[in-house]
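Here is a short report to read beside the sequence and the 3D view. Keep both open as you go.

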Amino acid sequence: MDPVAMLIRAAVRLRYLLLFGLSLLPLVASAAGFAALEKMTERGFLISAEARLLGDAGRPGEVLGAIEPGRQLSPASVSKAYLAAAALDRWGPQHRFTTRLVSSAELDADGVLRGDLILDGGGDPALTTEDLWRLAQRLHQAGVREVEGRLVVSQWRFGPVACITTDRCAAESRAANSYSALLSSAGVNHGNWCVNVAPGASAGEPARVTSCDSQSLIVEIDNRMETRAAGTATEFSAERITREEDEVMLLRGHIALNAAPRDVYRASGDPARQTARTLAAMLEQAGIAIGAGYATTTEPPPASAHALATVEGRPLQELLLQVMNYSNNFMADVLALNLVDAPRATLLQAGEAIQDYVAGLPDHGPVVMLSGSGLTTENRTSASGANTLLESMFHRTSLFPSFVASFQSPANGVSRFIRRGSPLVQDRLMLKTGTLNQPYAVRAVSGYFRARSGRWGVFTVLVNGTASTPWLNWAQVLDPLAQDLERMIEAH
């Protein structure tokens, strides 16, 4: 980890200690209603849990179960529920982020742009190759056939963003996953490279590796995969590495001759540069030549720049479906960074913006948010606080439909592991989960339920391991929780 990242991480820990130490709520112990879940405390796990009915028609809410509801624990990706609420509060469900191609250069009669073409990264967390292709097509429709200067990708709003988590810091040089993508206001495809891997023409030949996004390769490939006979096992590894500032997809292993092609995603080490290379490929395919290559910058486009092509992203309510359902860390942190009004935003500032929103929720209690994704293990909240957030959104008629729609139904959600408990429980819950395994296990779940009477309720369960507790899996949490919630739903 470089010295800047080390200083940032030290500041993160100091800030957490100050906030946590000064604002710790008294702990309240009451396992009423959580008889099955409470047994986990006997094995050394730290738990904060609360379930309560929401007040309506003059009836006050009622706590149905609680285990240390004020205890501050890591919520992992349940942090994304805080981000979703803050984002909806700031922009509303129909907000769209805009990405533009601009230039201050003249376009001559032959279609030559006599200067640089600049992509103004608008912080769209779901910018895709399809969007870049639309920009290229619209630039072509505007009459541009050649760019005499450079293609410049401007990430002046934020990026490159200093890493404060181990996986993201490691991804600066190599990545064997997609979730540790680095952050930029001009990132594309969730900060991931994608290649398609297919068997060669016959056994013994190299695998066939192509770009997911272009007819020609965009990222360099180091292909060490072999095609083997039909019916054999397919086993391979993929890693994105940086060699002399150039990014390479390294593939090792073998693929069966009759195996289906598959897309492989790995986090980029420089998302703005990735965008530049991808857009350059799109412009080439659209018949627009770039004369002087590409570059990235943290400077904004000049004031004299005018728009040549524009693409609007999807509405915020659609973005939140991806952020919450798929727990997309890149999208979550890019959304959080957009909450910061000043340019050159950092993750700490993004966390402060979420905390500022929570400060306006009466009776929430302390919260520590150092990122919107929950990848930062120092995030802290309580079950009581998380339920206060959920209840506050329930009463915001114009925002609640978009908010609750971003939660998963166990019966119909995209994640199979949440399909626990009876059909009654699965049909009456909407939830968000959070998972961490290092430096200790975290399993967190928060959401809404409907009682038999039709009344709405909220529940949050935060389970944190310690250095001395064993491995924690989802069945250990969801099975007893489903039993407890089923009793609450049936009784009310």
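Pro410, Ile418, Arg420, Val425, Leu429, Leu431, Val445, Phe459, Leu478, Leu481, Ala482 and Leu485 line the largest cavity. On a 1 Å grid over the protein atoms alone, a cavity is a set of points where a 1.4 Å probe fits but cannot get out, and lining residues have an atom within 4 Å of a point. The volume of this cavity is about 80 Å³. A volume is the space filled by probe spheres set on the grid points, which are joined across faces, edges and corners. Searching the whole structure gives one cavity of 30 Å³ or more.

The model is predicted: local features need pLDDT of at least 70, side-chain atom pairs count only at pLDDT 80 or more, and totals for chains, interfaces and linings use all residues. Residues are numbered from 1 along each chain as its sequence is written, and side-chain values use heavy atoms, with hydrogens and water left out.

β18 (429-436) and α12 (474-491) each supply at least two lining residues of the largest cavity. α12 gives the most, with four residues. Helices (H or I, at least four residues) and strands (E, at least two) are DSSP runs, numbered from the N terminus. By class, the cavity lining has eleven nonpolar residues, no polar ones and one charged. Here Ala, Val, Leu, Ile, Met, Phe, Trp, Tyr, Cys and Pro count as nonpolar, Asp, Glu, Lys and Arg as charged, and the others, Gly among them, as polar.

**The largest pocket**

A pocket is an open set of grid points with protein on both sides within 12 Å along at least five of seven lines. The largest one holds about 1,100 Å³ of space. Its lining has 45 residues, and Ser178, Tyr179, Ser327, Asn329 and Leu375 lie nearest the centre. Which strand gives the most to the lining of this pocket? β18 does, with six residues. α4 (166-171), β9 (192-198), α6 (316-325), α7 (329-338) and β18 each supply at least two. The pocket lining divides into 15 nonpolar, 24 polar and six charged residues.

Two strands pair if DSSP finds at least two bridges between them. Val445 stands opposite Val461 in β20. Val445 is also one of the residues lining the largest cavity.

Another open sheet has five strands in the order β16-β7-β5-β3-β17, with mixed pairing. β16 (294-297) and β17 (306-312) stand at its edges with a single partner strand each, so one side of each has no neighbour in the sheet. The twist averages 20° from one strand to the next. β5 and β7 pair in the parallel sense over four bridges. Leu117 has Leu151 in β7 as its bridge partner.

| Strand pair | Residues | Sense | Bridges |
|---|---|---|---|
| β5 and β7 | 117-120 and 151-154 | parallel | four bridges |

**Helices in contact**

Contact means heavy atoms within 4.5 Å. Helix α3 (residues 129-141) lies across β3 (98-103), β5 and β17, running at about 145° to β17. Axes are lines fitted to C-alpha atoms, for helices over the stretch in contact, and angles run from 0 to 180 degrees between N-to-C directions.

The axes of α2 (residues 79-91) and α9 (residues 383-394) come within 11 Å and cross at roughly 35°. Ala81, Tyr82, Ala85 and Leu88 in α2 meet Gly385, Ala386, Leu389 and Met393 in α9. The residues of this contact are seven nonpolar, one polar and no charged.

**Backbone exceptions**

Most residues other than glycine have a negative phi, and most peptide bonds are trans. The bond from Gly159 to Pro160 is cis, with omega near -10°. Pro160 sits in the loop between β7 and α4. Gln438 and Pro439 are also joined by a cis peptide bond, with omega about 0°. Pro439 is in the loop between β18 and β19. Glu244, a residue other than glycine, has a positive phi near 50°. Its place is the loop between β12 (235-243) and β13 (246-256).
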